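I opened this notebook to record what I looked up about strand pairing, helix packing and aromatic contacts. The entries follow in that order.

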Amino acid sequence: MRKRDEIREVFETFVAALEEFAPERLRGCTTEDVAGHFSHVGETRGQEELVRALTWKGMPMNVSRRQIVNFVVRTDGDKACQSAYEMVLMGYDNGSFLFPFEYGGKYVNTYVRTEEGWKISEIRYDLDWEKGNTYFAKDWRFLDYKIFAGHKPMISSEYDSPWAAVPENDEELTDEEQISEVMFRYSFGLDNCDWALHRASYTDEIIFYAGDKVMEAGARNLVNNFKTTSHKEAALEHAIRIVDIQVDGDEAVLKGYRIEPHRLGSKNLNRDTLNQNFYSARYTNKLRKIGGTWKMYEIRYQAGVFFEYALEKKHYVDDL
């Protein structure tokens with residue numbers, strides 16, 4: 001098994017432990033001296049502090065679902081850095097009404113390979129948004145929408161991102177994996193205001209279509225557009241579910257759905273829609289391999305809320 005696949009399993013174990021309100025299981029996928037930096041529950045050192053901080057302290061919940069998107073891992077020998085966005089739905093269903101609490105955030109985790117396999121040695125987490133009954137988590141530190149990131153950022157992309165931590169990945173990736181990483185680099189750089197990282201995902205001649213109209217043409221204009229957007233909100237989160245990638249030589253097309261549960265317009269989360277996955281936009285992006293590196297040269301963004309039924313419960317939501 002490749003290192004990236006082993007780490008993928010470790011992170012799923014981490015997420016499943018939280019989803020099932022069993023934080024004691026985190027001891028099995030972390031080092032004894034694991035360091036934690038969480039915008040919502042604070043700093044931790046060691047497994048015991050980590051378990052205490054991530055123990056759910058609100059009322060018992062009978063609804064719990066966590067989805068992993070924008071998953072990236074880069075490895076260098078016995079060390080690795082992994083990022084991901086997590087979309088969380090929990091709540092209480094009393095048999096006639098759903099009382100939901102939703103939130104989303106970004107992880108950057110550092111791994112070391114031990115005799116027992118890969119383990120997480122450091123965790124960085126920034127809460128990006130929340131929706132619903134926040135009283136369920138009344139002891140958390142929620143966002144202050146007057147300041148950048150809504151809190152002191154735990155993640156500094158220029159230092160912590162997988163691309164900064166591991167500039168040269170030592171495992172070969174398929175074209176589809178490379179293309180997925182381009183999309184996630186685009187999101188991670190944009191959402192963390194790391195403009196050099198974001199800019200590296202597309203060509204100088206990039207064209208961004210909003211619907212059928214050109215919103216921006218050229219990298220300079222697109223970067224400036226997103227800089228303006230970043231000043232309008234405390235935190236951005238471009239969580240993408242990749243649904244298809246078609247490769248034809250040095251050309252490729254990526255299709256994806258944007259996940260924004262907190263921006264559903266007229267749609268509502270309730271008992272009847274609990275098994276629906278909601279999305280806020282569609283991406284159809286064209287890429288070209290230039291000098292061995294995939295870059296986007298056309299982005300088509302079609303806004304509009306839609307949904308699909310979740311046929312199975314799974315943590316990693318990409319179709320690839």
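Entry 1, the sheet. I began with strand S11 (residues 276-290) and strand S12 (residues 293-309), which pair in the antiparallel sense over 14 bridges; strands are DSSP runs of E of at least two residues, helices are runs of H or I of at least four, both numbered from the N terminus, and two strands pair if DSSP finds at least two bridges between them. Within this pairing, lysine 289 stands opposite tryptophan 294 in S12. I note that the model is predicted, so that local features need pLDDT of at least 70 and side-chain atom pairs count only at pLDDT 80 or more, while totals for chains, interfaces and linings use all residues. Residues are numbered from 1 along each chain as its sequence is written, and side-chain values use heavy atoms, with hydrogens and water left out.

I then traced the open sheet, in which six strands follow the order S8-S7-S12-S11-S10-S9 with mixed pairing. Strand S8 (213-217) and strand S9 (239-248) are at the edges with a single partner strand each, so one side of each is left without a neighbour in the sheet. Neighbouring strands are turned by 20° against each other on average, direction ignored, with axes fitted as lines to C-alpha atoms (for helices over the stretch in contact) and angles running from 0 to 180 degrees between N-to-C directions.

I counted 26 aromatic pairs, taking rings of Phe, Tyr and Trp (its six-membered ring) with centres within 6.5 Å, and calling planes under 30 degrees apart stacked, over 60 edge-to-face and the rest tilted. One of these is the tilted pair of phenylalanine 11 and phenylalanine 71, at 6.3 Å centre to centre and 35° between the planes. Phenylalanine 11 lies in helix H1 (residues 3-19) and phenylalanine 71 in strand S3 (residues 63-76), so the pair ties together parts that are 60 residues apart in sequence. Phe11, Phe14, Phe71, Tyr107, Tyr125 and Tyr316 form one aromatic cluster.
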